[in-house]
Structures are given as C-alpha cells and as structure tokens.
Amino acid sequence: MAKQKQKKTNKNEESLEAGRGFLSRSALFGMLDRRIYVSDRNMLGRNSYACVYANGQIYLNKDVYLAPKEWAYVIAHCMLHLAFGHFDAERMPGYAAEQPDGSFIWKVQCNRAIWNTACDIYITKFLWDIKFGTPVHENPMNLFQMALNDERKIYQFLMERSYPEGDTRFSTLASGQCDMIGLDQPLVYPQKQQNQYIADFAYALAYSVSEAVSEAGGHHQKSKPNTPARRAASWFIDHYPLLGGLAAHFQLVEDYQYCIKNEISVAAISVYDEEIYLNTAVRYTEEQWRFVLAHEYLHAGLGHHERCRGRDPYLWNIACDFVINGWLREMQIGSMPEDGLLYDEKLCNLSAESVYDEIVGNLRKYSKMETLRGYGKGDIMGGSLKKAGAAVSMDEFCKNALQQGLEFHQAQGRGLVPAGLIEEIRALSMPPIPWDVELANWFDIYFAPLERYRSYARPSRRQASTPDIPRPRYQTFDILTQSRTFGVVIDTSGSMEAQMIGKALGAVASYAASHDVPYARVVFCDAQAYDAGYVSPEDIAGRVAVKGRGGTAMQPGIDLLERAKDFPKDGPILIITDGMIEERIQIRHEHAWLLPMGGRLPFRTRMPVFYFE
C-alpha cells in the first residue's frame, strides 16, 4: 500500500515538474521571477491546486494530479495576481488620505473575497485570450455578458448583483477559499517606487511580443549579431514604452551593400516593407543609434509618409526631420550625432507643415541640407499599403502603436514627452477633415450667409392649399451678380478623367448654391482657353458641355478671367486640375487649387490646396 502511494506521489510530482518546465520555456512567463514552494495537501486542503501570497510566494499542492499544461496554467494564474498588482492598495477599491509630509495612507474599503473573485475572473479571461496551457476553469465569457477587461468594473458588477462570496469556480483553491493570501494587508509603495512584479511583467510582455514578431517574420533575433544598433532597439522594447511597440515591429537591416546600392548614408525606413536600413560603415555608439532609431520610429508613427499630400517629398522630409530632432533633444533620448542631423532652435515647437512653409520661403538655405539618407534623398522610403489578409494597414498599425505607447508611457511616468508631440499623437486618433468640408470652409471666407427676412410680396408655397390665410415667405435681399461670384478654371486635358471632372464640378456647384452664389464665371483649359461665361450652379452641375480634351495650358485661361471686364477685381478663383500643367503660373487674384488625391503641383504655392478622392 505504501509503495502504491509512493508511486502515485512520484507521478504527481513528475507531472508538476513537467508543468514548471513548460512554464519556464514560455517567452512570457519564463522570464518572471517566481518563488514557488511545493506544499502538501495538509496546508492547502483537498482538491486545491495553488495559492499566492502578497510577498510573491506561490504554494503548490503536490498531492493533486494535473497534466503538465494544466499545472502551467495554474502557476501562471498565480503569477498574474502579482504581475497585475492585485495586492496593491492603490489598485483595490478604496481611497487615499494624504498626510502633511506628502505621503499617502491607503484605506481599502472593499469586500476582499469579491475582489479576489473579480481578479480571478479577469485572469481567467486573459489566459483564455492568449491560449496559454490547458485551462482548469471554464471561459468566463460564457457566464458574464460584459467586457471583462477591468478588475474594478468586474468587482462593481459582482457587488451590484450580490455575487456569493463562497463561489470559487475561478479560484485555484477549493472549499470557498481565496487563492490570494494577504489581502487584509494591501501593499503600499513609497513615492517614486513601483511594484517590481508589474515592471518585470511589462518587460516580459514586450520581449515575448518581440520574439513572436521576429519568429513570424523569419528573422529570429537570437541568430542576429549583438550590434550597438540592435542593443539600442532592444532598449526601446525593454525601457521606453512610447516607442517600444514600433521597435518590436520593425526589422533592422544592417546591410552595407544594400545601403550603398540605395544611397543610404546613415539610415532610412520603409514603412511598407516594415524595415529600417542601417549603414554598418557608420561607427555610431549605442546612444547615438538610439537617437537615430527613435527618429525613424517617429517618422512611421506620425504618418509622415502619408502626410506629404502634394508637397515636395524631399523638402517635406527635411521639415519632418527638423521637428523630430527637436523633440528628441528635448526628451533626451540617446545622443544626437554631430555630423549632419538637422536641428534649429528657431524651428522648435512648430508643426511639420509650418516648418515646410518656412523652407519653401528660403530654398537657397534649406535645399542644400541632408537627411539621414544623404543629400537629395529622404530617409522616408515608400508608402503604406494594406497587404492582402491584413486586419489593418501599416499606417493604422503605426498610429495605434504610438497612441498606445503614449498612454502606457504616461501611466508609468517613464519620462518627459513634449507637448507638441503629445498633440500630434492625439491628433492621429481624429479623422482628417474631408476635402469637401475644407472646400466649404474656403467658400465661407468669401461668401458670408445672406440675411433673410419675411415678405408678403412672395407668398409661401403653402399658400395654394389655404388661399384665405396669407403666409409670408423668407427671402434674401437682392444682390448684384458681381458682388457674389467666383471664377472656376477647369483643366479639361486628356489626363483629366470625365468622372474626376464631374465629381469636382458637382462639389463646386453644391457649395455655390448653398452660399447663395447666383453665377460663377467658368473657363475651360486644354491647349487653349474656352470661356463659358457666367453659369448658374445648376448648369455647372449637369448641363455644361466640357470642351477641349487636348494638351494642358492653364495660364491663358487664368489671364482670360483676370482681364475680363465683367469679372470683379477681388473675385476669388478656384482652379481644378490634376497637376500636370505648366511649371510656372502667375495669378494675381486670391485663389485655391482642387486636385485629385495623389496629384501634386509642379511648383510651390502658399494658397490653399484641396485634394479630393
């Protein structure tokens, strides 16, 4: 009988040790510091698996048989109580009383058994989501019709519904016991100190994500040389959450031959290919590579490759470099290399769009400057396209990674983030203003709404149904055509598709009608100018016969309009084109450009440019 019991015990212990081995090989849980003590059932009770103490000790019942992956699941459950800070007073339902010396005394006011149950439910859902081990609990989503992503909300939900304290179906202990021992004395940390288990788990989580991405991409980091640049990238993953998500995703390509072939002096990034190219001939220190990598990560995260929108790509790249380098110096990330990086104190605290306008006004100075890639070439290579089968585009992924990184960075108090950078990251979550709204705002500048009044001279449309009851009608004051009109110069060359012209004319017509503009002066341009005269909004939208379809010459049409005696001297002009026009055009009147998305003008302009899709 004794031999039979001994054999059973050995089998249990072998399974337990196999489960601990499976746990240690996990990229997520294997790196956590754990102090596991094996106990007998006299301490934990029959049918109990494990419990965890506030001091980090985890006790396992060696007299209970579980499969190895079930043991791994149970141990991970206990670890996560520590990693999620479930013993911390500041995370438990309660309040803090500040003392004269600035310290806090936490007074926890909560039902500790229900709090333990809420934490068990949260962890069980987490382990089901990441599919770790073999669950010994059922999926809580089968029982609760709510989002189980916040322990406090789960606790409030259970309290409101008088959840029984003895229900331990999600606990690792049996007989109505809580598997968290020490909740009666929650942990309180002095100022500027944090729960080390939370910090270790954050590191392990970032590392596991990096490992998974590297393995899926076929370039496992363990097989790569431990260069200063790779150590710099690992530093972001381990210690700098603002850029850690981007650092874990982009692959470093340290290939001298590739850089020589593609004229990369120091570094460049391709958001579409998810790669950062580094010239190994450059002997930078790890601190200098941190600065360079952070520079490239911010290019991707802030969507600079998508925000060019018809501007000169190289000058736009230079403008973005000035802005990024100013922020990195302010945040003191790494060490800025002395040779050639763009920085000017006068351009600090400006947006990339504002810096671009400054550059355009002083081309002699700024056109001679170099990016990290070198002279005449931007370090932003390629755009962002949605790959087949991808849930989100690379552009969306980079924006989300930067936004989530900012939230975690600020929550952990990891360092200064400039206000301008925070504002740009927040703006990423806001959808851009549609082109038709921008065009409507342009109309608002020149055509304010007319004052309306009620008049019996023109009866209401409802008058016919009740002729005995006079009803006034709202109408506007009579206006002169020349006081509310604008010019439209339309490129009708062969490169302009009919659908493209129709969409642009339709938008112009709708906004002209909504702003009480009775007529617009229309000129069509291809090889020569065709004057259509004054046209009502209704005719612009549907009954204008487009002439031309030859080559493109916009200057004659603009000259025709500006010299016309019946066109007001202060009348604005809207020019619709695809950008394939002369390299130099002179316009004296206030004007704006309307181009299809992706088109760009062959010259620089300070006037508004709208892009329609």
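Analyst: A residue is buried when its relative accessible area is under 20%, exposed when it is over 50%, and partly exposed in between (1.4 Å probe, protein chains only). Helices (H or I, at least four residues) and strands (E, at least two) are DSSP runs, numbered from the N terminus. The model is predicted, so local features need pLDDT of at least 70 and side-chain atom pairs count only at pLDDT 80 or more, while totals for chains, interfaces and linings use all residues. Residues are numbered from 1 along each chain as its sequence is written, and side-chain values use heavy atoms, with hydrogens and water left out.

Strand β3 covers residues 57-61 and is mostly covered, with five of its five residues buried. Gln57, Tyr59 and Asn61 point one way from β3, Ile58 and Leu60 point the other way, and all are buried. In a regular strand the side chains alternate between the two faces of the sheet.

The partner of β3 is strand β2, residues 50-53, and the two pair in the antiparallel sense over three bridges. Two strands pair if DSSP finds at least two bridges between them. Ala50 stands opposite Leu60 in β3. β2 and β3 form a hairpin with three residues between them, and Gly56 in the turn has a positive phi of about 100°.

Now the wider packing. The protein has 613 residues, of which 47% are buried, and its secondary structure comes to 19 helices and 18 strands. A contact is a pair of heavy atoms within 4.5 Å. Among contacts between residues at least 6 apart in sequence, 65% join residues at least 24 apart.

In soluble globular proteins, nonpolar side chains tend to be buried together. A nonpolar core here is a set of buried Ala, Val, Leu, Ile, Met, Phe, Trp, Tyr and Cys residues joined through side-chain atoms within 4.5 Å. The largest such core has 63 residues, and those with the most contacts inside it are Phe236, Leu242, Leu243, Leu293, Tyr297, Leu402 and Leu421. Helix α11, residues 313-331, gives the most to this core, with 12 residues. Leaving aside residues up to four places away in sequence, Leu402 touches Leu242, Leu243, Leu246, Leu298, Gly301, Leu302, Ile425 and Leu428. A second, separate core of 50 residues includes Trp71, Met79, Phe84 and Ile114.

Rings of Phe, Tyr and Trp (its six-membered ring) pair if their centres lie within 6.5 Å; planes under 30 degrees apart count as stacked, over 60 as edge-to-face and the rest as tilted. By this rule there are 18 aromatic pairs. Phe322 and Tyr366 have ring centres 5.9 Å apart and planes at 90°, so the pair is edge-to-face. This pair links distant parts of the chain, since Phe322 is in helix α11 and Tyr366 is in helix α13 (residues 363-366), 44 residues apart. Phe322 counts as buried because its relative accessibility is 4%, and Tyr366 counts as buried at 3%. Elsewhere, ring pairs link Phe144, Phe157, Tyr163 and Phe170 into a cluster.

A charge sits over a ring if NZ of Lys or CZ of Arg is within 6 Å of the ring centre and within 35 degrees of the ring normal. The charged end of Lys11 sits over the ring of Tyr65, 5.5 Å from its centre. For Arg329 and the ring of Tyr343, the charged end sits over the ring at 4.2 Å from its centre.
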